[in-house]
Amino acid sequence: MKLDRRQFLGALGLAAATGCSGSVSGSRTPQALDRSSDTALWKSVRAAYPLSDRRIYLNTAGLGPCPARVLHLVETKRRELQIEAETGRDSFEHARPIVAAFLGAEPDEIAFTRNATESNSIVAAGLDLRAGDEVLLDSHAHPGGSFPWLALQKRLGVSVRVFTPSPRSPEENLERIHAALGPRTRVVQLSHVTAPTGILLPAREVAALCHDRGVWLHLDSAQAVGMLPVDVRALGCDSLAVSGHKWLGAPHETGALFVRRERVEALAPAHAGAYSDAGYSLPDRIDWAPTARRFEYGTRDGAAVLGLAEACRFQDDIGRESIAAHGTALADAAAESLSAVPGVEVASPRHPALRTAITTFRIRDLPAARVFGYLLENHALRCRPVTEEGMQHVRVSPHVFNDREHVDRLVAAVADAARTLT
């Protein structure tokens with residue numbers, strides 16, 4: 001039995017019947033951002049989040065809260081869809097051009113996924129790799145970035161190699177990547193911004209290096225999109241993974257996969273289902289959608305996808321360059337002040353071309369979990385312990401709802417921890 005869902009939804013006329021077309025145009029927050037001064041702007045941004053005042057949240061690199069206008073849109077849309085008992089699949093096509101524009105892509109180059117892990121997995125499983133082919137990763141890759149390739153190594157015999165990111169300069173990172181490339185390298189997956197210490201890796205230069213060798217470059221941008229302006233055309237990557245639930249402040253289980261238009265055919269869908277096809281007939285024919293939509297399948301949460309688009313629009317309202325400058329300024333202040341605390345060492349880079357909104361530090365000879373717990377229990381500071389690669393550090397990742405007062409409270413709390421715990 002063949003059921004053309006696209007024709008079915010079109011004939012149903014869902015938007016006209018229910019009055020919930022999926023458009024995000026009417027979801028603007030009623031309280032405009034205050035641009036009378038820099039301080040007023042960030043206070044009004046903070047007011048747009050329903051964050052508790054019981055603690056200071058400094059873990060956006062782990063999980064970013066949603067602005068109230070995103071929550072309102074998602075909750076309203078979900079209720080509308082439940083009232084009419086419809087899937088809201090049309091929401092995907094309303095959201096697609098908004099998310100594409102946010103990334104500098106075309107709508108047909110965007111697939112909606114559940115997170116960066118799923119996007120990374122689609123690329124790993126979809127490329128035509130065989131035993132002996134090499135994949136190069138950075139040693140700071142998140143499990144959501146490395147596990148898909150380790151699974152491929154286990155199943156197919158693909159060889160996974162790693163290089164260690166340098167906190168010293170972009171040139172040194174480029175040299176390390178160049179030295180790690182070999183005649184069997186088929187793929188480079190790069191953490192656009194490394195999760196443990198927030199190193200911004202030279203993606204554009206790596207793209208040129210990879211394309212000269214016919215190597216696929218995939219960027220895991222879970223720690224970049226929403227923290228920094230990201231333009232896939234300027235970067236020159238073949239594919240790029242987005243998580244909505246971090247710096248973008250989108251709902252849980254939202255993400256996107258960018259695949260450059262001319263590379264879509266090189267990536268086979270590892271999972272297939274309704275909506276990933278352009279037509280089929282049993283028992284022997286399926287035509288994949290000619291766009292990145294081929295990587296979407298099955299019934300999904302259309303309201304959450306609209307929430308992802310609305311989170312992009314909220315960041316555009318603030319200004320992405322302003323967001324990047326705000327986060328970096330807070331991180332710079334934190335790194336400088338923490339470095340002056342006796343017994344504290346900052347692991348994040350100080351080179352301006354490598355700096356991001358992430359600052360990672362340690363108190364000498366203290367386990368990360370102990371420092372993390374002390375800051376949370378005694379100073380109501382929500383950070384994140386970093387134990388990857390044998391580290392015993394604490395990561396601080398402020399965002400648009402944080403300010404300099406939060407940084408000052410962090411530094412005072414770390415100084416207290418250094419005195420009390422050592």
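Colleague: In which loop is A85 found, and is A85 buried or exposed?
Modeller: This is a predicted model, in which local features need pLDDT of at least 70, side-chain atom pairs count only at pLDDT 80 or more, and totals for chains, interfaces and linings use all residues. Residues are numbered from 1 along each chain as its sequence is written, and side-chain values use heavy atoms, with hydrogens and water left out. A85 is found in the loop between α4 (68-84) and α5 (90-103), where helices (H or I, at least four residues) and strands (E, at least two) are DSSP runs numbered from the N terminus. Buried means under 20% relative accessible area, exposed over 50% and partly exposed in between, with a 1.4 Å probe and protein chains only, so A85, at 64% relative accessibility, counts as exposed.

Colleague: What is the phi of A380, and where does A380 lie?
Modeller: Phi of A380 is near 55°, a positive value in a residue other than glycine, and for A85 phi is likewise near 55°. With a relative accessible area of 21%, A380 is partly exposed. As for its place, A380 lies in the loop between α13 (368-379) and β13 (381-382).

Colleague: How many disulfides does the count come to?
Modeller: A disulfide is a covalent bond between the sulfur atoms of two cysteines. The rule applied here asks for a pair of cysteine sulfur atoms within 2.5 Å, and by this rule the count comes to 0 disulfides. For C66, the nearest cysteine sulfur, that of C312, is 12 Å away. C66 is buried, with a relative accessible area of 12%, and C383 is buried too, at 0%.

Colleague: Which residues does T254 touch?
Modeller: T254 has its place in the loop between β7 (239-243) and β8 (255-259), and at 2% relative accessibility T254 counts as buried. Contact means heavy atoms within 4.5 Å. Not counting residues up to four places away in sequence, T254 touches T113, R114, N115, S243, G244, H245, A304, V305 and L308.

Colleague: Is F112 buried or exposed, and which residues are in contact with F112?
Modeller: F112 has its place in strand β2 (residues 110-113), and at 1% relative accessibility F112 counts as buried. The C-alpha atoms of F112 and V99, 13 residues apart along the chain, are separated by 9.4 Å. Leaving aside neighbours within four places in sequence, F112 is in contact with F92, A95, R96, V99, G255, A256, E296, R300, V305 and L308.

Colleague: What is the radius of gyration of the protein?
Modeller: The protein has 14 helices and 15 strands, and its C-alpha atoms fill a box of roughly 70 × 55 × 35 Å along the principal axes. The radius of gyration is taken over C-alpha atoms, and the globule rule is 2.2 Å times the number of residues to the power 0.38. Because a compact globule of 422 residues would have a radius near 22 Å, the value for the protein agrees with that rule, at 22 Å.

Colleague: What share of the 422 residues counts as buried?
Modeller: Residues 24 or more positions apart account for 71% of the contacts with a separation of 6 or more. Of the 422 residues, the share that counts as buried is 55%.
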